[in-house]
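Student: I would like to learn how to read a few local features from a set of coordinates. Could you take me through them one at a time?

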Amino acid sequence: MKAWEATIRKTQQAKKQASNIFGSAHVAHVDDEDTEQDEILAAAGEVYHAERYLSNGDFYTGHWSDNFPHGFGKYWWTDGCIYVGDWFKGKTIGRGTFSWPTGAAYEGEFKSGYMDGEGTYTGPNGDTYRGHWVMNLKHGHGVKEYTNGDVYDGEWCRGLQEGNGEYKWKDGSCYNGEWSNGTMCGKGKLVFFDGSVYEGEWDEGLPKGNGSFRFANGCEYNGIWSKDPEEQNLAFSPSDDCDVEHDPQQVYDFYLKDNVVSAQDKVPILPSQKKLAIWRSSKVTEPSVRPRRMSVDGRLDGNIDDDFNKMKMLDDNERSMKCRDDASLVSSEGSPIRISKIVKQQGETISKGHKNYELMLNLQLGIRHSVGRPGPMPSLDLKASAFNPKEKVWTRFPPEGSKHTPPHQSCEFRWKDYCPLVFRTLRMLFKVDAADYMLSICGNDALRELSSPGKSGSFFYLTHDDRYMIKTIKKTEVKAILRMLSAYYNHFRSFEHTLLTKFYGLHCVKLTGAAQKKVRFIIMGNLFCTGHIIHRRFDLKGSSLGRLTDKPESEIQSTTILKDLDLKFMFRLDKTWIQEFRRQIDRDCDFLEQERIMDYSLLVGLHFKDTNVSELGTSIDNRGAYDSTYHVSDPGGSKLGISMHARVERMERKIETELIGEPTGVCYDVVMFFGIIDILQDYDITKKLEHAYKSFQYDPTLISAVDPRQYSRRFRDFILKVFIEDV
């Protein structure tokens, strides 16, 4: 009881302190009913001023829209951290100032909660950094001024000095040269306070290798330098003013071994870790149920006791069971399509304790290392050597860190980059920002694991923002993409509307130990990264054998992958787009046929635009991928296969096994997404044997495993029959 009373007193004190800090007049505690009233009075999307207290003592004042901070506002946490600046749908995006109770402060640009862009950080001891940031880390050019008088001006990578830079000590000594992992490493020149100079090779902050040390009076030592006297091999050259030879080891000890670079700041908690307390929108719950609120650290509203929590869980379960009754989408002719009300988030979040948690950490460490590695802007005109399958880079990641890798909490592993320059150039061709790419894959949010819907046994991992999909692949698939990588690259350069899957990186993690397990990954774009709910998904090959999920309409969920014989629609595209679609299908199929690829599919996603379905789209399971206020603006059909406004027409089969049915004239307005996936299957000996075996049992023209020429012809014939012009 005493502990509870102490907590209440701290909370009340924090509220008073928040009012004093923001200079506002007294604001009464905003309870749930007041919050709901504000939401009722404000139209959807309207921005208005609001003041919000949380029961844990957090406080916000500023612009508010659709149940989130949106515009300019101030947020104060009970631990004393404060953010003042721009918000976008509950995230710190734009310019702002974040201050810590220690007196440290950052003023500059934010992106998705991270210090990202140009900004100035002042540490609690007075150290100041002005420069570029990526994901809370100094990355790019920046100037660091230390309180002891030292100054570094140069390049940074992942929070440490990396590349070319100049470091000045307060005694007047100055190093200008190359850096790696926060230490002088490579070629550099150090001018000492008394005029003496060392110019040569460095390793981990010490001279090592060829170098020259010249005294202020002109005499010098040339040769091999090392902290180990036995490795030194030096020749003395006298000058007119000096002909006395010094002991090289004394020179090393006095001048070269103690050029200490000041340590970096240690920030106890980063801005991206300070999550905004969320008001659960009343729009997604029953009006009779008070919305529950969650604080920064994930704690539920403090005035709800355990008994009430248990009662609410029971209510939620009952309500969830009622919601399982599907809604019917009815066209003007009255033909129903059953649409599930509940849209659940796909996949299982990989948190600590998950069997693949360490693998995820390894993957994120490797991606951050690969993408963050400094290098010149690549040219789109790549040399043939860049596509050589032997063009790969191995990097060792020991837990304690190394010259090129940071320390980490995972097991030791080795990381391989395949054709790194090609994939870096592809990301540039696809207009992918390197910082955004790392934020999606390597940010604080965990990946989600999906089990494979197919027979490959591969696993899929989705990034938290659904932008990228990471797939485990076999060695034969690695060989396939490396073999056709040059043609694939040229195909994307030639045809901006190609429907082929976009590949962003090819990597391998090799775990150390007895198992020596290798896991190969390819990173792809997620076709269904959109604010629209995908109500129907189809995987179409143009074959009929085994191409039926055999599920009744009532059991089909939004995540169910339907196949050729499940298809009950013909897709109607605008005249301009249908012509481009036909041309691009021919180009892509020709490419895949030339590369001896088969067993690919056209993945199609449909969002039904009917008003009733749109309303259902906001009724999301609390575990869902989308919040009721979440929306991503789409390109509006500016690219083939992405967010295309179209119509679908119902068709009916007279025979269940026929691929194409008869059109019924019943149409629905939809937003479509489609692209060609699974493009790494060679027509190898395994597929040839599968074809021979199944040909004895079934009609050879109906099975999926056929040679690439026949597969291409059958695939495009089927696709061009179900995609027709909308007249």
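Student: Which side chains does a polar contact of 3.2 Å join?

Tutor: A polar contact is a pair of N or O atoms within 3.5 Å, where within protein one atom must be able to donate a hydrogen and the other to accept it, and where residues adjacent in sequence count only if both atoms are side-chain atoms. Here the 3.2 Å contact is between the side chains of S601 and K541, and the side chain of S601 also makes a polar contact, at 3.1 Å, with the side chain of D539. Bear in mind that this is a predicted model, in which local features need pLDDT of at least 70 and side-chain atom pairs count only at pLDDT 80 or more, whereas totals for chains, interfaces and linings use all residues. Residues are numbered from 1 along each chain as its sequence is written, and side-chain values use heavy atoms, with hydrogens and water left out.

Student: Is S601 buried or exposed?

Tutor: Buried means under 20% relative accessible area, exposed over 50%, and partly exposed in between, with a 1.4 Å probe and protein chains only. S601, which lies in strand β33 (residues 601–608), has a relative accessible area of 0% and is therefore buried. Contact means heavy atoms within 4.5 Å, and, leaving aside neighbours within four places in sequence, S601 is in contact with residues including L540, I677, D678 and F715.

Student: What is the phi of D678, and where does D678 lie?

Tutor: D678 has a positive phi of about 55 degrees although it is not a glycine, and it lies in the loop between β35 (662–677) and α11 (685–697). With a relative accessibility of 35%, D678 counts as partly exposed. K431 is likewise not a glycine and has a positive phi, of about 60 degrees; K431 sits in the loop between α6 (420–429) and α7 (434–442) and is exposed, at 74% relative accessible area.

Student: At what angle do helix α8 and helix α9 pack?

Tutor: Two packed helices are described by the angle between their axes and the distance between the axes. Helix α8 (residues 475–494) and helix α9 (residues 575–594) pack at about 165 degrees, with axes 11 Å apart. That angle makes α8 roughly antiparallel to α9, a term for angles over 145 degrees. The contact is made by M484, A487, Y488 and H491 of α8 together with Q584, R587, D588 and F591 of α9.

Terms used. Axes are lines fitted to C-alpha atoms, for helices over the stretch in contact, and angles run from 0 to 180 degrees between N-to-C directions. Helices (H or I, at least four residues) and strands (E, at least two) are DSSP runs, numbered from the N terminus. Angles under 35 degrees count as roughly parallel, over 145 as roughly antiparallel, 65 to 115 as roughly perpendicular and the rest as oblique.
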